[in-house]
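This report covers selected backbone features and helix packing. The sequence and structure come first.

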Amino acid sequence: MNFDDYRGIWIYIEVKDGQIAPVSLELLGAGRVLADKRKTELAGVFIGSGVKALAPTLFQYGADVVYVYDDPIFEHYRTEPYMRALLDCCHKHKPEVILYGATPSGKDLASAIATDLPTGLTADTTILDIEEDTGLLLASRPAFGGNIMATILCKKYRPQMATVRPKVMKALPPDPSRTGRVVEEHIELHEEEMRTKVLQIVRETAKKVRIDEADIVVAGGKGMGSKEGFQLIHQLAEVLGGAVGASRDVVEAGWIDHHHQVGQTGVTVTPKIYFAIGISGAIQHVVGMQNSDLIIAINKDPNAPIFQSCHYGIVGDAFEIVPLLIERLKEEIPKIKAAADVKEEIRHA
Amino acid sequence: MLHIVACIKQVPDTKIIKMNPKTNTMDRASAPAILNPYDAHAVEEAVRLKKKYGGIVSVLTMGPPPAVKAIKKCIELGADEGYMISDRAFAGADTLATSYALTKALEKIAKHRPIDLIICGKMTIDGDTGQVGPGIARRLNIPPLTGVNKVVEVNKEKGYAIVHRKLEDGYEVVKSQLPCLFTVEKDINDISFAPLPNMIKAARYQPTIWTADDLEDVDRKQLGLKGSPTIVSKVWAPPKPEGGKILTGTKEEQVNELLSIILEKKELFS
């Protein structure tokens, strides 16, 4: 394997409901830094049905080249056709690095590609760097449930691959003047040869506030004592118009569905305000919320590690503090709303 | 008769594990070894499918000799047969080398009894990658269905399975040809209590144990550390956050101060 044949940083561009997934734009931002360091091109690999029209957006977010596989067979993500397209692209254009969002389909695809090429794959990366001269990718990630950080290298194979957690990297501000090269690719695939078929897609959380998109997340832990005690978390979230989060033990105890789990094995959230109530603050939890703008902790135990990871803390009993807070919020929030409405009226007057 | 194989792993309970702050290595003695929680759901689902459609559930693991305990746990959950591959040659394997070794063992199992379905946990709690299951599927050239949280139907006669795959905001219903491989989410089922006869069987159970030499057509270069493209170059403790301001005073004062901090972000409430 001659490493000099492998050039360029690639981002697998994920499409969801006809839109580019936010994580793909974040990865273009991270990939731009790597490509500049290596003085090489940043490319997006775009697989989907009717996606070609979206390619210019990728240039605005940092891509120099976009490889497009546009075919009705790619309407829904499926391992087999997507893998065949990306393998085709790898064999033709030989990248030195491929990054994927650590999403269900990104991880699925990356695992298949790594096995087929074969090459190394680092999962759930949170820090990326590259050696300018050797092109060695330094992919770091929390390991052993977040107890340590580990830097993973792939020295003997190319391309080097990693999946990267959503909401960790930052997308560049879009630059409408940036352009690039679209390379249209094609691969011969026949529906009748495909071994899987997507029969239906069901969206479930339309009514609920999605925890990874909420501006306010109120999370509760084992300190809430019981499923009944945990209701207080729901009440505070409701008053604030936020989503409910939970630590792993709460999910394991069955107080709430695991969609609400924040942390290493759950969801990563970056809300404007994050409440950690009755949560001890194990590193596994903290890695899932540490990038929130404002972290507020309430815990009985003054030595709880959560107080190391918050911006403001109250040492006290949640069952005394939270009801008081709810009461005061119920008084104050309507006032803010009223003031805002007045402003709005003045503006329209 | 379905033959379902669940791939499982014994892992340290990372929730309570302590790290040696000097060496940044795990103090393995500080954490009990358990059956990877996701894999328990894989075995449970295999056993449920066996009860529904009839068949045999085998479990397969790779690990050091004490990992027999994890197989016994699976027998308690209702698995019929256990296989373990254990050899120094497998040590230090990353996900690629792990999927290679497990695939070789699966091929050997399949010679004696063809496999219709492989079920893995979505990921392990020590490796946290979720890459081994799809890797096995690719090596066996069968469809991988990751993130399965419901099995609607397995129809061996007609050669298909229908499942729900979890998406970030819902699920998709997928039909796949058999054989195929599922990786399962925790919410696919609740683990049943082990009935007494299973516990008795498990206590006495000894799995089939194979070394690298027992497997067929093995390329030794693809095993263990040698067969692993990724290496860990460095480990370090995650940066310690500096800690926040603790609000003091009476409860009312604390809450009032907190309230003003929250309401500073008034755009969230207007």
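The model is predicted, with local features needing pLDDT of at least 70 and side-chain atom pairs pLDDT 80 or more, while totals for chains, interfaces and linings use all residues. Residues are numbered from 1 along each chain as written, chains are lettered from A and ligands numbered from 1 in written order, and side-chain values use heavy atoms, without hydrogens and water.

Lys94(A) is not a glycine, yet its phi is positive. Asn141(B), also not a glycine, has a positive phi and lies in the loop between α4 and β9 (144–155) of chain B. Most residues other than glycine have a negative phi, and most peptide bonds are trans.

| Residue | Phi | Relative accessibility |
|---|---|---|
| Lys94(A) | about 45 degrees | 29% |
| Asn141(B) | about 55 degrees | 42% |

Lys94(A) counts as partly exposed, as does Asn141(B); buried means under 20% relative accessible area, exposed over 50%, and partly exposed in between (1.4 Å probe, protein chains only). Lys94(A) follows α3(A). Of the 15 residues of α3(A), 11 are buried, so this helix is largely enclosed by the rest of the structure. Among them are Tyr82(A), Met83(A), Leu86(A) and Cys89(A).

Cis peptide bonds join Leu117(A) to Pro118(A), with omega about -15 degrees, and Leu178(B) to Pro179(B), with omega near -10 degrees. Pro118(A) is in the loop between α4 (104–116) and β7 (121–125) of chain A.

Technical notes: Helices (H or I, at least four residues) and strands (E, at least two) are DSSP runs, numbered from the N terminus.
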